[in-house]
Amino acid sequence: MIEAPSTLPAAGARLPRGETLRRGLAANPLLVAGGLMSALILVVALLAPLLAPFPADAGTATHPFLVLHPPSAQHWFGTDNVGRDIYSRVLYGARISPLIAVVVLVLACAIGVPLGVAAGYFGGWLDEAIMRVTDIFLAFPSLLLALALAEVLPPSLITLTIAIAVTWWPWYTRLIRGQAASVAGRPYIESCRALGIPRRRIIFRHILPNSITPLIVQVSLDVGGVILTASALSFLGLGAQEPTPDWGLMVSDGQNYFLTAWWVVTFPGIAILVTAFAFTLLGDGLRDLLDPKRIFLR
Amino acid sequence: MKPHRAGLLLASGTALALLLAACGGSSGSSPTASSQPAASNQVFTYVTSSEVMVDGWDPATEDSDGIIAMSNIYETLTHYNSTTHTVSPLLATSWSKSADGLTWTFHLRQGVHFHTGRLMTAQAAKAAILRTKQLGQAAAYVWDAVKTISTPNQSTLVFHLSYPSPIDLEASADYSAYIYDTQAAGPTASNSALVKWFNAPHDAGTGPYQVQTWNKGQEFEVILKAYPGYWGGWSGPHYKKVVFRVVTQDSTAAQLLRSGQATFVEQVSPSVWKSFQGESGLRTVTSPSWQNLLAQLNAKTLSLPVRQAISYGINYPGIIAALQGAAVPSSGLVPPGLFGHFSNLPNYNYNPAKAAQLLKQAGYGPGGKKLNLTLTYAQGDSNEQVVATLLKSSLAKLNINLTTQSLAWPTQWAKAKSANAANRQSIFLEYWWPDYADPYSWFNNLLETQKPPYFNLSYYSNPALDKQIGQVESLVATNRAASSQLYRKMQMEVIQQAPIAPLYNVNYQYGMRDSFTGFQVNPAYPEVVFVHNLTPTG
Amino acid sequence: MTVYVARRVALAVGVVAGVIVLTFVIAHVVPGDPAATWAGPHPTAAQVAAARRYLGLDRPAIVQLLSYFGGILSGNWGVSIHTHRPVLSDLAAAAPASLELVTVAMLIALVVAVPLGLISARWPGRVGDHTIRAGSILGVSMPIFWMALILQLFFSQRLHVLPAAGEYSPGLLFSHPLTRLTGFGLIDAPLTGNWPMFGSILTHLVLPAVVIAAYPAGLLTRMIRAQVLDTVGDAHVQMVRALGFPERAVFARFAMKLAWNPVAAAIALVFGYSLVNTFLVEAIFDWPGLGSYATTAIANLDRPAILGVTLFIALVYVVVNLVVDIIQAAIDPRIRLR
């Protein structure tokens, strides 16, 4: 017999809320692990100025007489090609990636959700028009459109954020539209309309709340993806610029010294990997918890 | 069994690779250093980091890295020997000048043929020089003193000058001095037809190699093959093919060298170069050069106190330390080894206090207005990137916000020459080296008033200096000591006016395989390897 | 069925048109002067103006859009500012190497993902499942430019088992030159009997392909696991089980077949994603494909080239999605009736 993957109680049973949550967590070691790791990363990001032994190295400070020193007691991750402490820079880098992810996803939702609601609720030609535009944006694999945009604009973290947000919104439009359309078709919504309840109220009190859960799941899964995309664009030189301690930029700068100074590339890369891993793990766990039927797959 | 995904991936990947390496091993695809198949003795692979090595194949107008290839295809009348510091014969076997220095007579080597098949005669050489002079690009100025050229017979070339000038030295220049067949595209072909012929690609040189393939913008950018009819002959072991391969990553270049897929690596970061030392199969060579790295400060947008402040605000010892042996301190504009170099000039040192004081005069500096500047440098050069970052850092302490931009060389140059002055940079970082064994190149190219700008990318204009530049070359031919003093005076003026901040002199650090002998660094021909002079030992 | 195909194709055509317009908009959003870069070493004002005329930048935007559109359709994709060659011919030269690389990477990914996904779904909640899930999340979280460098360091420099870079050993350029018939090295070499070249290309392909396979392998493992878990609970699968089919057959023959649909869509998606990932990997391995072309174009601010690559990949992606959709509809009748 196949074991059911979740130990959540069957529909209809009533348990104290904490108990449901506790059981959910116990069945989801990945969620717990992801949650802890993500929390740790955020704490590190917040406390970077306190934790970093050489905070100025995350800015314009350089130490030309200490270039390319291997990891030592003084510099845990070694120094880079202009003598900066890599450990400090990696710590400060933790502030950049999650922040970019948050801003990108907020922007993407701000654009995508209203469009999705409009398309799903109103249907008709508005739906068609919005869906066709969405299709066109989705015809570009994610990194590509962001790259093309980032290339034509002057390179900076702001450009990067805008470029990725422009690439990301169509997914949410499609997601919300599906949800909104299915909810809008239900009989009780018809009754609401017949009763003369204003559209805005219907949308905010009925459509949106029902669409939120899959949106949260998708957003949490996307954090890792945004972090990877942002670091890839910075690696290509289209995002963060010197001296920003962006992890992707650090890997890019270190390429030339890699053979003799493996630490310049290794630690920032591990940081990207661990961060993307943590948030994706968290997203996966959240999906298991909130949406065991796994309707929303990407 | 624990199906760990990553482990499975690596294991299967390795197994597959080992299997295939075994299959393809005998044909030289095995990367281990010891197994060098005999065929590759014949191929010299030169790895360069410059993105576009060759922009065009016209020997009269080549002005950049293309000489790395062209110096194996084309030859000059004379050749500068950096060990003896003298000019030695190449296409010319002997020469003499008149007492007043206005007439130079060159006797040409007999029996030399162009790759097009025609014999190299005095008339052909004259046509080449006149065409180069007339096109007026790159270093065509080396022929400026030439009024007319006469050819009393097939192997004698006589230069009649309008003022004395060291023609023997100028004829050895690494730019604009090649002797080529101007009738390569036909006796009545127009200039554009000839240029098109060159870019096909074809070549019309006299040298040991010919162009076989040109893949512009691609990795195996240029391939040369031996020219069997070379006057220098092919007795003994020689490389029969030369491949120029563009690899921008140091780490990739190093791995290619170690695996034997590359024979010579032009530039890698100092730490990677150090790692070559002592490795079996490899050889490292270090040598002083006539190249320096210059920061050209925009004289139109940066006032004198600001330029001087920037010159004091550069951490020269820090830059040299960070470059781990690739750089040595400079004194003035002229590198050591050339006449006109003086080690006792009042050079700028790293003095942030003085810099701050000067900036204060202009209202900038710590506590004053923030100054926003832009700096451009060539992509693919890790040393320039380090310098740019260090500059940004030391200038930040002076409340100067320096934005650094790395661009491919043609783009960096085009931007500096923009018709729209607002588009131009504040600081232009570039290497400079002389066109021939003389300091003149730094002055007439970088400092003489130019409208529109060509290489004077500080946009500097100083009529008094212009006058001195006009005088100095005649002095070189007639009164060497006086010319030296004039060069000293000019460098003092340049230091005072600070349109250019010399950052350091380049120390060549070359990595190569030890499968050949005969390699000599010649600063007069930077980065050039004269492959015909090498003897592969296998 | 034909109605469905016609509808899908019409939709795809519309999307393609939209993609071309969007690419054009991106190209013209920004200030900057491609004419000056084009004009080369001596841009006098007259030469820049001439370059502008030559590049067509002096006409009104709508005219430029229409001419751009017409140009794309007739094969004129502009001229690269860097190589001074038509972008389309540059792309045609570079595309086969990338398609080769991505195809091999996808094969590796499938070989890894299908068994692991099935194993994971077969025994969910156990240690094996958790390990595979963690491993697949590792795959999708991997910064591949970093992975490329690390693998290059280990396998090439430290262990000396695989070549560092390039498409094949440069010695073979002279001893066994490859005659290009289709442009795909892995096809041309065997076709011309050039086995040393074939072996060399394969060894050079291994590292970049493994790097690019990481993301698809991770994603597809997750997908297959999720899809199979979904379908095994379904009524018809329970029926099959009730009929007495062994668990192994329930999985392999029935559940997997039903799971195929969304997985096929995912394959199309990661194919496009991987094609773009070549930008991050090819330069490191000197693999002469679209990725190297794009990174060079980015470095040189070669806008026509970048837009050409963008457009090209988007078109490939649309076509791949179209093909997958039609195949899915052919296999699963429910789709075309939707």
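Q: How are residues and chains labelled here, and what kind of model is it?
A: Residues are numbered from 1 along each chain as its sequence is written, while chains are lettered from A and ligands numbered from 1 in the order in which they are written. The model is predicted, and local features need pLDDT of at least 70, side-chain atom pairs count only at pLDDT 80 or more, and totals for chains, interfaces and linings use all residues.

Q: Where in chain A is confidence lowest, and where is it highest?
A: The value to read is pLDDT, the predictor's confidence in each residue, from 0 to 100. Chain A has an average pLDDT of 85, with 89% of its residues scoring at least 70. Helix α1 (residues 17–26) of chain A is lowest, with a mean of 66, whereas helix α9 (residues 247–254) of chain A is highest, at 93. Residues 1–12 of chain A have a pLDDT below 50, and beyond near neighbours in sequence this stretch has 15 contacts in the model; a contact means that the C-beta atoms of two residues, placed from the backbone, lie within 7 Å.

Q: How many helices and strands does chain A have?
A: Helices (H or I, at least four residues) and strands (E, at least two) are DSSP runs, numbered from the N terminus. Chain A has 10 helices and 0 strands, and chain C has 15 helices and 0 strands.

Q: Which residues of α9(A) are buried?
A: A residue is buried if 20 or more other C-beta atoms lie within 10 Å of its own, exposed if 12 or fewer, and partly exposed in between, with the C-beta atoms placed from the backbone. In α9(A) the buried residues are A:Trp247, A:Gly248, A:Leu249, A:Met250, A:Val251, A:Ser252, A:Asp253 and A:Gly254. Since 8 of the 8 residues of α9(A) are buried, the helix is largely enclosed by the rest of the structure. Its buried residues pack against α3 (86–122), α8 (199–235) and α10 (263–290) of chain A, together with α7 (144–158) of chain C.

Q: Where is A:Gly239 found, and what is it in contact with?
A: A:Gly239 is in the loop between α8 and α9 of chain A, and it counts as buried because it has 30 C-beta neighbours inside 10 Å. Leaving aside neighbours within four places in sequence, the contacts of A:Gly239 include A:Ala150, A:Leu160, A:Leu233 and A:Gly248.

Q: In what order do the 4 strands of the open sheet in chain B stand?
A: Two strands pair if DSSP finds at least two bridges between them. The order in chain B is β4-β5-β7-β6, and the pairing is antiparallel. At the edges stand β4 (92–97) and β6 (146–153) of chain B, each with a single partner strand, so one side of each is left without a neighbour in the sheet. Strand β4(B) is joined by 5 bridges to β5 (residues 103–108) of chain B, and B:Ala92 is opposite B:Leu108 in β5(B).

Q: How many residues does each chain bring to the contact between chain A and chain B?
A: Chain A contributes 19 residues and chain B contributes 22 residues. On the side of chain A that touches chain B, the residues divide into 11 nonpolar, 7 polar and 1 charged, where Ala, Val, Leu, Ile, Met, Phe, Trp, Tyr, Cys and Pro count as nonpolar, Asp, Glu, Lys and Arg as charged, and the others, Gly among them, as polar.
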